[in-house]
Amino acid sequence: MKFTYKHSILTGIAILSLSACVTKKYERPQVKSEGLYRDNNTTDTASIADLQWKQLFSDTTLQSLIQQGINENLDLKQAIERIKIAEATLQQSRAAFLPSLQADVNVTDNKQSQAALNFPAGININLETQTYKAQLSTAWEADIWGKLSSAKRAAYATLLQSDAAKRAVQTQLIATIANNYYTLLALDKQLAITEETIRVRTKDVETMRELKQGAVVNGAAVVQSEANLYAAQVTLPDLKRSIKEAENALSVVLGKAPNAINRTTLDQQTPYADLKTGVSAQLLQNRPDVIAAEFGFRSAFENTNVAKAYFYPALTLTASGGLSSLQLQDFFSKSIFYNLVGGLTQPIFAKGANKARLKTAQANQQIAFYNFQQTLLTGGQEVSNALFAYQTAVEKEATRAKQIASLTKAVDFTKELLRYSSATNYTDVLTSEQSLLTAQLSGINDKLQKLQSVVNLYRALGGGWK
């Protein structure tokens with residue numbers, strides 16, 4: 001039967017149909033992406049994740065530190081190098097569609113003795129010949145079952161996963177720099193309040209000594225005031241150590257040796273207030289680790305396709321040709337040779353390798369699916385936690401201000417009573433001063449919680465990479 005162009009088209013269609021039966025087309029799996037934010041039923045799709053990070057952080061000093069981190073952070077640089085590895089793997093998978101080509105040039109010495117040549121006894125002849133050979137050889141595998149195509153798509157998904165992972169590193173980096181920066185400002189504020197408390201309590205000791213000389217208080221009040229002063233002074237070394245450690249930690253994040261960090265003050269910080277979350281399904285497109293998890297699943301899906309294709313026959317074509325001669329002077333004349341071989345290899349018994357490969361690929365695909373769903377759920381949890389932290393800080397803000405104002409008055413009143421009447425003693429002063437310091441330090445932590453909850457919400461929603 002004559003093989004026509006029409007026959008070739010029909011054959012191609014048949015092969016493609018068979019290939020479609022072996023490999024499947026990727027579709028996003030069914031994952032729970034709705035209602036992941038606790039007690040948040042908004043339908044507004046506006047989200048702070050769409051903001052540039054410079055819009056969220058108005059402190060220009062913090063902006064400068066974040067930009068430095070993006071430029072120099074070593075984790076981010078490692079993520080970029082992993083993208084290069086994935087790009088190289090993708091290039092290799094694309095090249096698998098092309099035939100291989102090898103060149104071989106050799107000279108072979110052949111020597112045969114009398115015994116080998118079976119000459120009559122008494123005749124000693126050694127025959128020595130040289131063969132000169134130069135050839136090109138090539139091999140090509142037809143992608144009948146989509147094995148090579150699936151491998152290429154798996155490599156491409158891995159590349160996109162690496163790129164998304166790099167963006168996830170960047171979002172975490174921005175959050176880490178901002179949170180460490182705010183922690184440093186909070187420690188500065190705690191140090192300033194503690195130093196002011198020491199100054200006030202030093203004056204209190206002097207006052208108690210004067211009152212003792214005037215027989216208004218006894219010696220117990222003096223030593224109590226001194227102990228109160230020492231209680232504040234003893235916290236200074238730890239505060240200063242914490243500041244140094246916070247500076248060192250932030251320096252390393254910025255990709256430099258531990259050093260001092262340029263910064264403003266906590267009082268100058270104004271948290272971003274328009275905290276729009278969008279809907280939880282937007283995590284699929286906004287949050288880099290969720291995107292990376294889906295690409296990880298997609299890569300595993302394509303690897304399953306590859307594993308299935310190993311059960312079907314492989315069509316390979318090999319060819320070689322070149323020049324071969326026993327005499328160097330005849331090398332370029334009458335020495336041409338070539339061969340062409342087409343082969344169809346059907347696996348029958350591979351010692352269980354194909355079955356093991358398929359089971360492994362299917363298990364890895366299921367693991368990738370679970371990881372995809374887990375990453376989404378974790379994203380919803382982190383958004384919910386950040387929202388609750390912000391709301392809690394806001395609720396405490398007004399009450400804390402009232403508490404500090406009342407305790408400040410209590411300290412003033414008890415000191416006045418101690419100075420001018422016998423209606424109180426120094427224990428009352430001591431209690432009110434300790435309560436005031438505790439409230440002031442708690443107020444700093446409240447503002448730090450508010451600032452950091454905004455940062456954490458921004459990162460949890462997937463902000464910082466756009």
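## Terms and basis

Buried means under 20% relative accessible area, exposed means over 50%, and partly exposed lies in between (1.4 Å probe, protein chains only). The model is predicted, with local features needing pLDDT of at least 70 and side-chain atom pairs counting only at pLDDT 80 or more, while totals for chains, interfaces and linings use all residues. Residues are numbered from 1 along each chain as its sequence is written, and side-chain values use heavy atoms, with hydrogens and water left out.

## Salt bridges

A salt bridge is a side-chain nitrogen of Lys or Arg within 4 Å of a carboxyl oxygen of Asp or Glu. The count by this rule is 22.

One of them joins K415 and D204, at 3.0 Å from N to O. This pair links distant parts of the chain, 211 residues apart: K415 is in helix α11 (residues 353-420) and D204 in helix α6 (residues 147-213). Helices here are DSSP runs of H or I with at least four residues, and strands are runs of E with at least two, numbered from the N terminus. D204 is buried, because its relative accessibility is 8%, whereas K415 is partly exposed at 23%.

K276 and D274 form a salt bridge with their closest N and O atoms 4.0 Å apart. K276 counts as partly exposed because its relative accessible area is 34%; D274 is also partly exposed, at 42%.

In the salt bridge between R287 and D289, the closest N and O atoms are 2.7 Å apart. R287 is buried, with a relative accessible area of 2%, and D289 is partly exposed at 26%. A network of salt bridges links R287 and D289 with E382 and R459.
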